[in-house]
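How do two protein chains meet in this model? Take a look at the structure, then follow the interface step by step.

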2 protein chains.
Amino acid sequence: MVIKMNYPNNIKKDYNKNVTYGNRGMFLENLINITNDYYLEKNIAVIYKKPTPIQVVKYDYHTKRITDAYYMSESTLDYNGIYKGYYIEFDAKSTNTNNLPLANIAEHQLKHLKKIIEHQGIVFLLIMINSEAYLLPGSKVIEFIANNKRKSIPYEYIQENGYMLKINYLKGIDYLKAVDLLIEEM
Amino acid sequence: MVIKMNYPNNIKKDYNKNVTYGNRGMFLENLINITNDYYLEKNIAVIYKKPTPIQVVKYDYHTKRITDAYYMSESTLDYNGIYKGYYIEFDAKSTNTNNLPLANIAEHQLKHLKKIIEHQGIVFLLIMINSEAYLLPGSKVIEFIANNKRKSIPYEYIQENGYMLKINYLKGIDYLKAVDLLIEEM
């Protein structure tokens, strides 16, 4: 699938090409990228995926290539930006079981999630589970962890406490529709 | 200079160590990192430097090292986060001349700046010029470019339209004091 889009910046966006759809995480990420590009193009919101933090060890100034580096762990969530004056931050989580293992959410990510709520931001998880997409508010993630000793969030909890999102393979996932409902409740 | 800080996350922060102060850009970046850590620790704001976007070309799964990669150009500004419910985004610019060359601000960064204002975010440049630090609101950057054909923003313009910030070599630059003034004007 190659989608023609007017990219608003000069970062080469090649996530529509050569994407292996066998990888569930990449599939969701790809849909979110399409959505964010759409939001940017239509001037609805400015939301980006943060670059993956990489520690550069060796850089060759002559060839302008990095020749040794490694991935660092993340303390924040993957996506952030602005919508209607609100600070938005979220992470994408995919699971191919009937629950979302909490091992997917690092301790420092959970702390970060709480901080964003405290500072009046909008924070959530975009979850792909049982071929459905849900927006689960950060407060509901915290609530679940506070009241349960389970090591995963069951599908039923996500269904009951999240907002189901329509998946459009060409247009992405219009998650801001659910964010509008969250704003109404603020 | 090694400053003991309680780091709130597991990303190894080594910017206080082995910093070459000969590099003006690094000096300002280091001060901003100290400030953001302080804000995080005191729960004043949650503002991070975005990781530098790197395109990974080769990854060795065995050694878990990236063996070929290159830096990509940025379309957004370097720092973003949340303060008092407001979306904050800014870039750090250092100059050792009596003006800020506009070559320092890429065309797509300027577009991005406009977008953030449109979506009711707070956007600015933190400028180190003549050994002084200034917060220059994004609107003033746009205004200058719209009304001038000069290829650099003169020191006088920055003085007149920016907020001068105190530099504390241990505590950083408390730029949120100036942001408070920007919020009052919104």
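The paragraphs below go through the contact between the two chains.

This is a predicted model, in which local features need pLDDT of at least 70 and side-chain atom pairs count only at pLDDT 80 or more, while totals for chains, interfaces and linings use all residues. Residues are numbered from 1 along each chain as its sequence is written, chains are lettered from A and ligands numbered from 1 in the order written, and side-chain values use heavy atoms, leaving out hydrogens and water.

Start with the extent. Chain B brings 43 residues to the contact and chain A brings 44 (contact: heavy atoms within 4.5 Å). The buried area is about 4000 Å², and carbon and sulfur atoms give 57% of it (accessible area, 1.4 Å probe, that the two parts lose on being put together, summed over both). Of the area that chain B buries against chain A, B:Ile66, B:Ile82 and B:His119 supply 15%, more than any other three residues.

Next, the charges. Two salt bridges link chain B and chain A (a side-chain nitrogen of Lys or Arg within 4 Å of a carboxyl oxygen of Asp or Glu). One of them joins A:Asp68 to B:Arg65, at 3.0 Å from N to O.

Which element gives the most to the side of chain B that touches chain A? Strand β3(B) does, with seven residues (strands are DSSP E runs of at least two residues, numbered from the N terminus). β3(B) also pairs with β3 of chain A, residues 65–71, in the antiparallel sense over two bridges (pairing takes at least two DSSP bridges). There, A:Ile66 has B:Ala69 as its bridge partner.

Conventions. Helix = DSSP H or I, 4+ residues; strand = E, 2+ residues; numbered from the N terminus.
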